Amino acid sequence: MRPSPPVALSTASVYPEPVAAGFEVAAELGYDGVELMVWSDPVSQDVAAVDRLAERHGVPVLAVHAPCLAVTQRVWGADPIVRIRRSVDAAAKLGASTVVLHPPFRWQRRYAAQFAGEVARAGEYSGIALAVENMFPVQRGPVRAVPYSPGFDPTEVGHAHYTLDLSHTAAAGSDALAMLDRMGERLTHLHLTDGSGAPRDEHLVPGRGTQPCAEVCERLTASGFSGVVVLEVSTRRCRTRYERTALLAESLLFARLHLQAAPNPALP
């Protein structure tokens with residue numbers, strides 16, 4: 001029987017608590033590791049400090065999410081190419097196998113022209129998978145716009161590695177299983193989360209929305225998926241650590257349940 005993929009907790013899942021809380025919760029609940037979201041929290045930008053947290057809590061960093069959100073455009077400098085390279089360097093120093101990236105924004109024209117080549121070169125040089133994530137359009141009233149270049153579906157460009165995010169498929173109105181099929185063997189990383197189908201990024205606990213979270217997990221396990229499954233769940237409305245931990249415990253239970261390999265009936 002194949003082992004189940006490792007299940008990690010995104011440190012963004014404890015926001016507005018700091019990155020240190022992500023390690024604490026991951027250790028308490030029994031996650032296999034964390035995905036480090038690099039953002040405004042100064043500790044998330046300090047590789048040595050993150051390494052100390054990982055050692056203190058016995059929770060390894062399995063992936064690094066580059067600072068490519070709209071609110072992190074000045075983290076690690078204004079040049080997005082430099083941010084990719086620093087993310088790869090951080091992953092290498094922390095022993096992580098994957099860097100998660102978003103496609104460029106449309107207004108980043110020079111970066112957009114360089115993005116695919118830089119991602120390919122950085123991966124070949126470092127041996128770390130730079131997994132480009134599917135995104136979603138932005139809707140304001142009747143106006144629907146795509147803020148990414150060349151679009152929100154990275155399979156239309158073609159990269160060596162992908163991240164599938166199930167909150168983003170919900171917000172985009174995309175068929176998650178069809179995208180899973182298009183990514184195929186290049187799918188390196190899963191953001192296991194959910195969405196209601198509303199045109200916004202919700203990051204619900206898996207199983208609480210409309211996305212085929214269970215089927216995605218089951219297909220990955222059956223295919224021998226060798227990447228990492230990351231719970232990226234919004235808990236920002238939780239008023240206490242207890243409420244936050246309860247949601248993240250439910251998320252972990254969902255993942256463990258649906259990532260279990262089915263027994264082979266041919267075996268005794």
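Predicted model: local features only at pLDDT ≥ 70, side-chain atom pairs only at ≥ 80, totals over all residues.
**Exercise 1. Find the residue of β3 that is the bridge partner of M37.**

Step 1. Locate the strands. Strand β2 covers residues 33-37 and strand β3 covers residues 61-65. Strands here are DSSP E runs of at least two residues, helices are H or I runs of at least four, and both are numbered from the N terminus.

Step 2. Check the pairing. Two strands count as paired if DSSP finds at least two bridges between them. β2 and β3 are joined by four bridges and run parallel.

Step 3. Read off the partner. M37 is bridged to H65 in β3.

Residues are numbered from 1 along each chain as its sequence is written, and side-chain values use heavy atoms, with hydrogens and water left out.

**Exercise 2. Trace the closed barrel and state its pairing sense.**

Step 1. Follow the strand order: β1-β2-β3-β4-β5-β8-β9-β10. That is a closed barrel of eight strands, with parallel pairing.

Step 2. From one strand to the next it averages 30 degrees. Angles run from 0 to 180 degrees between N-to-C directions, with axes as lines fitted to C-alpha atoms, for helices over the stretch in contact.

Step 3. Compare with the record. UniProt, in an unreviewed entry, places "domain: Xylose isomerase-like TIM barrel" at residues 23-254. Such annotations may be inferred rather than shown by experiment; positions follow the numbering used here, and feature names are shortened. The span is 39% helix and 17% strand, and its end C-alpha atoms lie 20 Å apart.

**Exercise 3. Work out the neighbours of β8 and β9.**

Step 1. Start at β8, residues 162-165. Strand β5 (residues 129-133) pairs with β8 in the parallel sense over two bridges. E133 stands opposite T163.

Step 2. Cross to β9. β8 and β9 are parallel, with four bridges. Y162 is bridged to L187, and D165 to H191.

Step 3. Go on to β10, residues 228-231. Four bridges join β9 to β10, again in parallel. L192 has L231 as its bridge partner.

Step 4. Include the helix. β9, helix α7 (residues 213-223) and β10 form a right-handed β-α-β unit. Right-handed means that, with the strands pointing away from the viewer, the path from the first strand over the helix to the second runs clockwise.

**Exercise 4. Decide whether β8, β9 and T169 are buried or exposed.**

Step 1. Set the cut-offs. Buried is under 20% relative accessible area, exposed is over 50%, and partly exposed lies in between (1.4 Å probe, protein chains only).

Step 2. Six of its six residues are buried, so β9 is largely enclosed by the rest of the structure.

Step 3. Leaving out residues up to four places away in sequence, T169 touches N134, L164, S174, A176, M179 and Q211. Contact means heavy atoms within 4.5 Å.
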